[in-house]
Amino acid sequence: MREVTRRSAAVLATGTLLLSACGQGGPSDDGGEISNGKVVLGLINDQSDVYAELSGENSVEAVRMAVEDFQEDNPDSAIGEIEVVDADHQNKPDVANSKAAELYDQRQADVILDVPTSSAALAVANVANQKQKIHMNVTAATTELTGESCNKYTFDYAYDTYMLAHGTGTTVTEKGAENWYIVYPDYAFGQDMESSFSTAIEEAGGQVVESDPTPFPNDNFSTFLVKAPDLDPAPDVIGTMQAGGDLVNLVKQYNEFNLADKGVDLAVGLMFITDIHSLGVEAFSGVTFTDAWYWDYDETNRRWADEFQERTGTRPSFAHAGNYSAALQYLEAVERAGTDDSDAVVAELEGYEFDDVFARNGKIRAEDHRVVHDAYLARVKEPDEVSEEWDYEEIVSTIPADEAFAPVEDTECEMG
Amino acid sequence: MVNVIQQLFNGLVGGGFLALLALGLAVIFGMLRVVNFAHGAFYMLGAFGAYLLLTEAGVNFWLALLVVPAALAVVGMALERAFVHRLTQLDPLYNFLLTFGITLILQDLIKVRYGNQSQPYSRPALLDGSVNLGLFQYPSYQVFVLGFAIVLCLLVWLLLTRTRVGMIVRAATERPELTRSLGVDVGRWVTPVFGFGIGLAALAGVLAAPMRAVHPMMGSDLIITVFAVVVIGGLGSIFGSVVAGFGIGMAQAVGNLYVPALSQTLVFILMAVVLLWRPTGLFGREGVLT
């Protein structure tokens, strides 16, 4: 058995090396106002694994929608042809790294959008900085993109762990749930979320009674759920930082142990509407979480969501809308600059204030390239409140753009 | 104290899944000397089978509990005839790679059809709510799962010790050559035993559907722990796999309670300790692999 295992490990390792094939560099810019006579928008994301539903190929479609809308609104645009290219990074930083190089160099991408998974996002941001090309990140959660690892060519668009923690942690605490029990998956994202939440809860006057790391992945959360009501003081709410399949496991078991009836509510750190869709609204009803955007928030969003549904057959997540918005803002900045030269576009983006279908009261901070906009505290509807498919969220309150994200004074970012 | 007892109970429920999976793995290994890496995939298919029957044909949980394992056992037998059995004479690594490849194919097929998401599956109405176990309230469904797993393990035990078929399987497991020379056609039992092991995995999958995420990766997340359980119990030891399954379940629950950060590695630490102390596992024999 041991022998078998060791040899298999060698085989697996070889396979992994083969899979992570590299792209090669090459010349790209030929000067001029619009390089190569066209603007190329690139997306790198997960098209086959855990994040494929919440972003994936439908984000590529959302970016195509942005291109069409831009061309319709700017018939006399100086930008000629606009091309959309994409790549699958399988959530692996090394693959993301080589795909980014390939997109920038060989496929002449002027900007790379999306990039879920924080480690992969940081890899792409690094490539962007080296090649002096723009990266507008939409789906990764880490605050590092606009903190320690910030750079001149990278922007963070939709959300980050600070937004999630301060939205949910602060609001739920201020509403009277002062005692928290936090369970988080024991890896970088979970640890980051745990510390962001603890800070937010304590600043709002609450306390974290206990916080437990859980194995990742994990299918049995009963230990933590059974222990919760017996903690001293008894927690008002369990804050879970689990995501994907683990979140589903935890919520199923939370419901089985009837913790809601024992006075222990559930708050979820990061949740996408696709999570609610996959498990059904019953399982999550009453759960509070922070959303960066919701398709049925108002008429504007709904109109866009209708168009999106016509093209993809499904309702958009905030990641889809975020990619649309980032693509649109990038194109408009190119239009204003009159060139796709990265430095000129960055200058146009910095400090720019705007409103679009995704970002309300949007502003691109020059200091750290954090894109701030309104965020929303959402509650999952009860089954009898649902009037149509994907009608899952009630927006409880809007968190104003200047409160939703970390104050600019606190940033650790030093633009080189 | 009540808390600890309740945690041990949680562990028994989780251990029930481990025991059922480890049991199937042990039976297959005993008879075929094949480490079936696809075991987790069949656990996943069991859960998806129940989901598919419910959504496509309105078949309820109870019927699925019978139909899905039986159907997947047949699939398992076909797989054994078509592929596994051609490689059993070669180095065990070949079947390890074969079943690993089958796992990847099955997972991706499910992903193509359902995406990389969890599918909803509710508890049977009969087992909604909770029961009073004296010291504490406990979800009825989980009590059912535990009872079912224990009864099933006992049944398999009786099957192996009290019936002629069981005797042949045990004899073939312990001394295949000798059994053959006594005129027993060992070969004809190989395929059914493989199917039986797969059926057990599928059954565990159906049981998991109402309380765990019905997700394409649910099996691959669990199978590593199950391998550790089988190694701790002793490769090829049927009794050992069941005892280790429940034991590891409880150890994990208690580990979660006192040292949550360690609970993921706990099972492997236990495995290392057991192997140092008894290189053949708790109930294993020398020379199983030779």
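Colleague: If a salt bridge is a side-chain nitrogen of Lys or Arg within 4 Å of a carboxyl oxygen of Asp or Glu, how many does a search of the whole structure find over all chains?

Modeller: The search finds 29 salt bridges over all chains. Please keep in mind that this is a predicted model, where local features need pLDDT of at least 70 and side-chain atom pairs count only at pLDDT 80 or more, while totals for chains, interfaces and linings use all residues. Residues are numbered from 1 along each chain as its sequence is written, chains are lettered from A and ligands numbered from 1 in the order in which they are written, and side-chain values use heavy atoms, with hydrogens and water left out.

Colleague: OK, which residue does A:Lys38 meet in a salt bridge?

Modeller: The partner of A:Lys38 is A:Glu83, with 2.7 Å from N to O. The two belong to distant parts of the chain, since A:Lys38 lies in strand S1 (residues 38-45) and A:Glu83 in strand S2 (residues 81-88), 45 residues apart.

Colleague: Where do A:Glu102 and A:Lys99 lie?

Modeller: Both are in helix H3 (residues 93-105) of chain A, three residues apart, which is about one turn of the helix, and their salt bridge is 4.0 Å from N to O. There is also a network in which salt bridges with shared partners join A:Asp296, A:Arg302, A:Asp306, A:Arg315 and A:Glu388.

Colleague: New topic: how many residues of chain A are in contact with chain B?

Modeller: Counting contact as heavy atoms within 4.5 Å, 35 residues of chain A touch 44 residues of chain B. The rule finds two salt bridges across this interface, and A:Glu256 forms a salt bridge with B:Arg123, the closest N and O atoms being 3.8 Å apart. Among the elements of chain A that each supply at least two residues to the side touching chain B are helix H1 (2-19) and helix H8 (244-256), and H8(A) gives the most, with seven residues.

Colleague: Last one, which way do the residues of strand S8 in chain A point?

Modeller: In strand S8 (residues 237-240), A:Val237 and A:Gly239 point one way and A:Ile238 and A:Thr240 the other way, and all are buried. In a regular strand the side chains alternate between the two faces of the sheet. Two strands pair if DSSP finds at least two bridges between them, and here four bridges join strand S6 (residues 179-185) of chain A to S8(A), running parallel, with A:Ile182 opposite A:Gly239. Four bridges also join S8(A) to strand S9 (residues 265-268) of chain A, again parallel, and A:Ile238 stands opposite A:Leu266 there.

Conventions
Buried < 20%, exposed > 50% of the residue type's maximum accessible area, 1.4 Å probe, protein only.
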